[in-house]
Structures are given as structure tokens and as C-alpha cells.
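Please keep the sequence and the structure in view while reading.

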Amino acid sequence: MHRFLRTVGFSKYQKKHRIDELMKNLVDHADAKQIRKIQLDEETNLCEVRAELAPSMGVAIYGEMDETGDIKPEYYVPYMLSQDPSSDAECSIQRHTDRETYAGLLDEYKVGISLIYYLENAMEYRERKMAKESTEVEYVNLVGMSITGKILLPIEKSAKQKEIAKVASKERSSLLEAAKNGNEEAMETLTIEDIDLYSQISRRVLKEDIYSIIDSCFMPCGIECDQYSIIGNIQHMEVLRNRITEEEVYAMRLECNDMIFHVAINKKDLIGEPKEGRRFKGQIWMIGTAKFKA
């Protein structure tokens, strides 16, 4: 089963035969608006069925349609959609090796790494390629799917401290971009800043809790390249309900390292009560919807 199926409210579906029955049932009850089909070659087609479980949340099921019009599910992906642009950094898209799925790579200076995500609208990308339309990405809306997390209290800051942090973040992004382009002075400045930061943290951690020092963080987690460990500030939160299981899912908009994205987590998997102003700490699988230029 997909590890993050429980994120969209299917925590009790843990056996393969039950999941297979669920996917077949979702496909059988799908209407024409939920089905998308592309012809890969003369004998092969690919169908996508979008089973919406709550507003902007559901499961995308993929398989082939036979001559009688029946779709045989082969694999599925839980998803959540976001309307908030997360990044307009340069983006490249590549196909996964084993199936007709894609990964996107963002050169995002705000988080200081090359951010890799699972492309949620792969069918649109494939259709554009086949029609020889533009596949250049204008911006990406990101969503983190989580199966474990906790709520942290916020760090109290004055308006002046917030403004200083914002200016420092912009300056660091500019230095990272310059360093990537080969500017040696920017590389030296970044190295000195990192040494000073390490020294400050080493002194403070002796007397303070680590989460009162680190406001937010975004770093790769595990060996899978699209999973990250994050700490982000909650800007907005709503509760979605799975129409089949009635399980509740928290949908949160986070600000993390000056980047905005959404995080979804089953209510059962979250420790603490999420509220605006508090922080979320957890591990996420990053998916994204690429918005292509016309």
C-alpha cells in the first residue's frame, strides 16, 4: 500500500485486498468528468481517475482501459491540491524509471537546496508533450503529505526582529544565487556566516531548548529524495472530512524558510492542536502541481 494513503483518511485500509476493493469501487463509481485518458501508442493507453474525497483532496488511480471501457487499476496516488504558489524558481521535470510518473526539481534558494517533488499533474504534462505545447513551468504549488507530526509553540518575536530576519533571508538568497554562478566572494561570505551561526548555536544550546533557537527548518529526510523534515509556522488551518471513512484531515498552510506551502495530516497522526501562529514539526512527502506557461 501507499504509505501516505492514511493521510487522506484511509488509516484503516492496511491490507492489500481491502485497498484493491476500495480502488475498484472508486473507479466503478467515477463519472466521465473524473476520467482522463491518453493514448501512449497504438495498443497502449493510460487512464487517470480522480476520486475526490473532500474539497481539493482525494486519490488519483491509474490503469489501462480495455476494449469494453473497463479500467483496471494498476497503481494509485493520494493527493491534495493547493491554490497558493510556492515557488517560481527554475524547474525541470523528469520521468520515473518504473512507471508513467514524474518528479520535478526546483532550484529554490529560499531553502538552500534543490527541492525535489512528485508531480501531481503528470497527465497534463504528458498531454502537453504529446501535443508539442509548452512544458516550461511558470510556478509550482506544493503540498506536503505527512503521517507523523507534532505541534510546537511559536517563538515570540518583535516586529523589528521579524523585519531583520526577512532582510537577512533575502540577502542570503542573493548570496546563494551568486555562489551558484561562481562568485568566490559570495562563497566566502556564506562560509563565514555558517561558521558564525554554528558558534552562536553551540553557545545557546547549552542554556536553551533547541526549538526556541530554530524557528523553522527544511531539510531532506531519509534516502527518498522527495521526503523532508520540516518545522514551519502555521498561517491557516482547516479540517477536511473523508466522505467514505468520515476521518478528519488537517490541511495547514505553512510558512517555512520564507516559502509557502500546504501540509495535510490525518488527525490521528498529529500530536497537539494546530492553530494559527503555532508551528508544525514533522516529516513530509512533497507533491506539487506545476503551472505551465501558455
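**Pockets, cavity and cores**

The largest pocket has a lining of 49 residues, and Lys157, Ala165, Asp215, Ser216 and Asn257 are the ones nearest its centre. The model is a predicted one. The space in this pocket comes to about 2,000 Å³. Two or more lining residues come from each of helix 3 (159-180), helix 4 (184-204), helix 5 (210-213), strand 9 (217-220) and strand 10 (227-241). Helix 3 provides the largest share, 13 residues. Sorted by class, the lining of the largest pocket holds 20 nonpolar, 12 polar and 17 charged residues.

The second largest pocket has a volume of about 420 Å³. Its lining consists of 19 residues, of which His2, Arg99, Tyr118, Glu224 and Trp285 lie nearest the centre. Here strand 4 gives the most, with 4 residues. The classes in the lining of the second largest pocket are 9 nonpolar, 4 polar and 6 charged.

How many cavities of 30 Å³ or more does a search of the whole structure find? The search finds 1. The volume of the largest cavity is about 50 Å³. Around this cavity stand Arg50, Ala60, Tyr62, Val77, Pro78, Tyr79, Tyr118, Glu120 and Ile287. Strand 3 (57-65) and strand 4 (71-80) each supply at least two of the cavity's lining residues, and strand 4 gives the most, with 3. By class, the lining of the largest cavity has 7 nonpolar residues, no polar ones and 2 charged ones.

The largest nonpolar core has 39 residues, and within it Met23, Val59, Met80 and Met145 touch the most other members. Two or more residues of this core come from each of helix 1 (16-28), strand 2 (45-54), strand 3, strand 4, strand 8 (137-152), strand 11 (248-256) and strand 14 (279-292). Another core lies apart from that one; it has 34 residues, including Ile116, Tyr117, Phe280 and Ala290. To return to Met23, its contacts beyond four places in sequence are Leu5, Val59, Ile61, Pro73 and Tyr76.

The cysteines can be checked for bonds. The structure holds 0 disulfides. For Cys221, the nearest cysteine sulfur is that of Cys217, 10.0 Å away, and Cys221 is in no disulfide. Cys256 counts as buried, because its relative accessibility is 0% and the cut-off for burial is under 20%.

Helix 2 covers residues 122-130, and its buried residues are Ala122, Met123, Tyr125 and Arg128. An α-helix has 3.6 residues a turn, so residues three or four places apart point the same way. Just after helix 2, Lys132 takes a positive phi of about 60°.

Two loop residues remain. Ala30 is placed in the loop between helix 1 and strand 1 (35-39). Is Ala30 buried or exposed? With a relative accessibility of 18%, Ala30 counts as buried. Beyond four places in sequence, Ala30 touches Ile35 and Val49. From Ala30 to Ala51 the C-alpha distance is 7.0 Å, although they are 21 residues apart in sequence.

Asp269 sits in the loop between strand 12 (259-266) and strand 13 (270-271). A relative accessible area of 13% makes Asp269 buried. Leaving out sequence neighbours within four places, the contacts of Asp269 are Arg6, Ile147, Thr148 and Gly149.

Key
Residues numbered from 1 in each chain as written. Predicted model: local features only at pLDDT ≥ 70, side-chain atom pairs only at ≥ 80, totals over all residues. Heavy atoms only, no water. 1 Å grid on protein atoms, 1.4 Å probe; cavity = no way out; pocket = protein on both sides within 12 Å on 5 of 7 lines; lining within 4 Å. Points joined across faces, edges and corners; volume = space filled by probe spheres on them. Nonpolar A, V, L, I, M, F, W, Y, C, P; charged D, E, K, R; others polar. Core = buried A, V, L, I, M, F, W, Y, C linked by side-chain atoms within 4.5 Å. Buried < 20%, exposed > 50% of the residue type's maximum accessible area, 1.4 Å probe, protein only. Contact = heavy atoms within 4.5 Å. Disulfide = S-S within 2.5 Å.
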